[in-house]
Amino acid sequence: MTTPRRTAIIAGNWKMHYGPKEAASFTWEILPELGKLVRSSPHILSILCPPSISLTAVREVLDADPSPRLELGAQNMHFEDKGAFTGEIAPLMVRELCSTVILGHSERRAYFHESDELVNKKMLAALYHGLRPIVCVGENEQQHETGETEQVIRRQVHLSLANITASGNQARRVVIAYEPIWAIGTGKAATVEGAGSVIAFIRQQYSTMYGEEAASAIRILYGGSVTSANIAEFMAHPDIDGALVGGASLKPDFVEIVRKTIEVIL
Ligand code: PEP
């Protein structure tokens, strides 16, 4: 008997693009087809992650024609419940609008000095407040070329994903995105075999932390120059559970990525 596939996730990270008006109009543009696609398969979940200022605008559009498995996510949040943290958003604020939050994206690690320890606090806060964290890990070009990938990934996984409570489903709710930094926004995607083997390594590390059952339940996505031209190859790999998409999520190509994913997982 073959193990059933985990529900695939195609998440779009819009980064710092589309303020409320543009975000709403782009969502209206893709919603009819995207909504139809997610309704056509129970095995796909698609998540739109606009900038925080545009979350309400996109929420309103999604609520006008709700589709199961078409969700909203934030790109970051603070770990504290509230307080004097100018410019930040709290987990419960995110929870009012979203199911999901991206944490520890390499751009946040690089430009905003987010450490594994900080990402871990945010991830624990996300789980505590019922959010689905998508925790990003990935090596840079130099680490990739000098064969340090596993060492870097092992450290990021063990520190960013530490201390999840063994009780309940928390360890199964986590989503990990493997995003080699050299593949992000470069048009130079990882090979399917390369991404698949790092993802298998991540699952194995997670298993040493939370057991085999949790490790086989979690979704691990690939991210880095994914488009509708290469998604089918990634999705054909049994260890790859979906994609975190940057550039291509700003265009109707995102809908094609979801369509091709469904064709592979059906
Ligand atoms: C990302 O920002 O998470 C990403 C994967 O970007 P891109 O798809 O543009 O490489």
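Tutor: What follows is a set of questions and answers on this model, which is predicted.

Student: How are the rings of Trp-14 and Phe-26 arranged, stacked, tilted or edge-to-face?

Tutor: A search of the whole structure finds 5 aromatic pairs. In the pair of Trp-14 and Phe-26, the ring centres are 5.4 Å apart and the planes stand at 70 degrees. Planes over 60 degrees apart count as edge-to-face, and therefore this pair is edge-to-face.

Student: Which parts of the chain does that pair tie together?

Tutor: Both Trp-14 and Phe-26 are buried. Because Trp-14 lies in the loop between strand E1 (8–13) and helix H1 (20–40), while Phe-26 lies in helix H1, the pair ties together parts 12 residues apart in sequence, namely that loop and helix H1.

Student: Is Asn-230 buried or exposed, and which backbone nitrogen lies 2.9 Å from a polar atom of its side chain?

Tutor: Asn-230 is found in the loop between strand E7 (219–223) and helix H10 (231–235). Its relative accessibility is 13%, and so Asn-230 counts as buried. The backbone nitrogen that lies 2.9 Å from a polar atom of the Asn-230 side chain belongs to Thr-227.

Conventions
Residues numbered from 1 in each chain as written. Predicted model: local features only at pLDDT ≥ 70, side-chain atom pairs only at ≥ 80, totals over all residues. Heavy atoms only, no water. Phe/Tyr/Trp six-rings, centres within 6.5 Å; stacked < 30°, edge-to-face > 60°. Helix = DSSP H or I, 4+ residues; strand = E, 2+ residues; numbered from the N terminus. Buried < 20%, exposed > 50% of the residue type's maximum accessible area, 1.4 Å probe, protein only. Polar contact = N/O pair within 3.5 Å; in protein donor to acceptor, adjacent residues only side chain to side chain.
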